[in-house]
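Hi,

Here is the structure I said I'd pass on.

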Amino acid sequence: MRMSRYFLPTLKENPSDAQIVSHRLMLRAGMIKQAASGIYSWLPMGFKVLRKLENIVHEEQARAGHIAMLMPTLQSADLWRESGRYDGYGEEMLRIKDRHGRDLLFSPTAEEMITDIFRSHVGSYKDLPLTLYQIQWKFRDEIRPRFGVMRGREFYMKDGYNFDLTKEDALHAYNRHLVSYLRTYERMGLQAIPMRADSGPIGGDYTHEFLVLAETGESEVFYDAAVTDISMGEREIDFDDKAQCQGVLEEFTSLYARTDETHDAAVFAQVPADRQRTARGIEVGQIFYFGTTYSEPLGATVMDETGKPVPVHMGSHGIGVSRLLGAIIEASHDDKGIIWPEGVTPFDVGIVNLKQGDDEADAACEALYKSAIALGLDPIYDDRKERAGAKFASMDLIGIPWRITVGPRGLKNGVVELTSRKTGVSEEMTPELALERLTEIYTGV
Ligand code: ATP
Ligand code: MG
């Protein structure tokens, strides 16, 4: 992409209405524009990152054997009356009447709809296990939308639902979700710690929230510092291997890590004192096993091996895809702007032409830009007639992890400069070598 032709409405001034850094930076970097309270347009660069996050979620769900589909945002109230949640959901549910006076709602989640699909089409234990998911816009009329996309009213969420014959199978589905979520967040350059959460009125021990540690997080968390040393890394996972998935769950959840809702001071006191941590965190996902809570009232049953109808065991599992943009920026920025992790960056490399209009510099940048594309990289080339300082400031603000700087002085010696956004370290090298380095970095990211 050539900067001169892109739509990147960056702001010089800090927007006064944004309280936290990720919100400020998303506005300043021209990624989002507020349309109404808690509702945003996703401008091209914001949309590009959102799509990258969505792709990572899809890839990791596919790896776990979960199946993508799409349900409507507007749903009939009748289904929610059947489950008993229509009245209980309260003011957060946006209720709509159509021209015939029928009650609709903008889906805040989709347990009812997926259970209805299941009961219409699945009748035998032979069709199980089954896990279906979607990535779809949700609406919750939050009382206090704030922090930009972190607590919106309209937000993009991955919601997945497992259907299993037995509790044991459903717990394997729970574990598969835990493992796939850990992989997903790591690919996004994030550490999200599974913490024991409150299951609310539904009850049961089986729910974990995934929290990214950040000062601006809305949840108070308590944990053993040793949990921050564990990661999935490069390990091979066989998602059909029950023992292996259970092993990962145990490894990641046996150390103390809880939100304030389930925090137990007496248990926490047993963590070695030098490892006790209290901090704040951003909830970027949650997994839940709830057994037959929805399948019973909605009549989602299958015939078991003896021909007897039994309600299926279910769970639901969510990732806050749009909230993740904010969480990633909260975790990765500096005074100058965003620092995108390579796995989610909107562009792989920024090319800065120090002397736009100089024949040699222009030709070198043009050649570099085309070679980068030919190598499969996604460059953004700042070809505007701006001062070098302004170009650097833009690249830093929008957070491109690598920058290649091209200027007449270096070109005399046949070199350009490759700079890391994160460390600020620059190295001179030939344009060919710079592209080779970048190809190596981005292969497999
Ligand atoms: P919260 O406690 O933050 O209100 P929740 O527990 O009600 O969230 P879930 O029903 O668990 O939310 O939804 C799954 C994921 O969707 C959450 O982990 C979060 O990342 C994201 N999410 C929930 N509400 C919002 C919102 N208002 N704006 C953006 N993302 C949200
Ligand atoms: Mg939650």
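Ligand 1 is surrounded by 14 residues, and the closest of them are Arg 140, Glu 142, Arg 151, Gly 152 and Glu 283. Do keep in mind that this is a predicted model.

On its own ligand 1 has 580 Å² of accessible area, and the protein covers 80% of that.

The shell splits into 5 nonpolar, 4 polar and 5 charged residues. Strands S8 (154-164) and S13 (276-291) each put at least two residues into it, with S13 giving the largest share, 4 residues.

Where does ligand 1 sit? The space it takes is the largest pocket, which has a volume of about 1400 Å³. That pocket is lined by 45 residues, and Tyr 89, Arg 140, Glu 209, Glu 283 and Gln 286 are the closest to its centre. S13 again gives the most, here 8 residues. By class, the lining has 15 nonpolar, 16 polar and 14 charged residues.

There's also a second largest pocket, with about 520 Å³ of space. Of its 18 lining residues, Arg 183, Arg 187, Gly 233, Glu 234 and Gly 444 lie nearest the centre. Helix H6 (residues 167-187) supplies the largest share of that lining, 3 residues.

Cheers

Note on methods:
Residues numbered from 1 in each chain as written. Chains lettered and ligands numbered in written order. Predicted model: local features only at pLDDT ≥ 70, side-chain atom pairs only at ≥ 80, totals over all residues. Heavy atoms only, no water. Near = heavy atom within 4 Å. Areas by Shrake-Rupley, 256 points an atom, 1.4 Å probe, with all protein chains shown as cover. 1 Å grid on protein atoms, 1.4 Å probe; cavity = no way out; pocket = protein on both sides within 12 Å on 5 of 7 lines; lining within 4 Å. Sits in = over half its atoms within 2 Å of the grid points. Nonpolar A, V, L, I, M, F, W, Y, C, P; charged D, E, K, R; others polar. Points joined across faces, edges and corners; volume = space filled by probe spheres on them.
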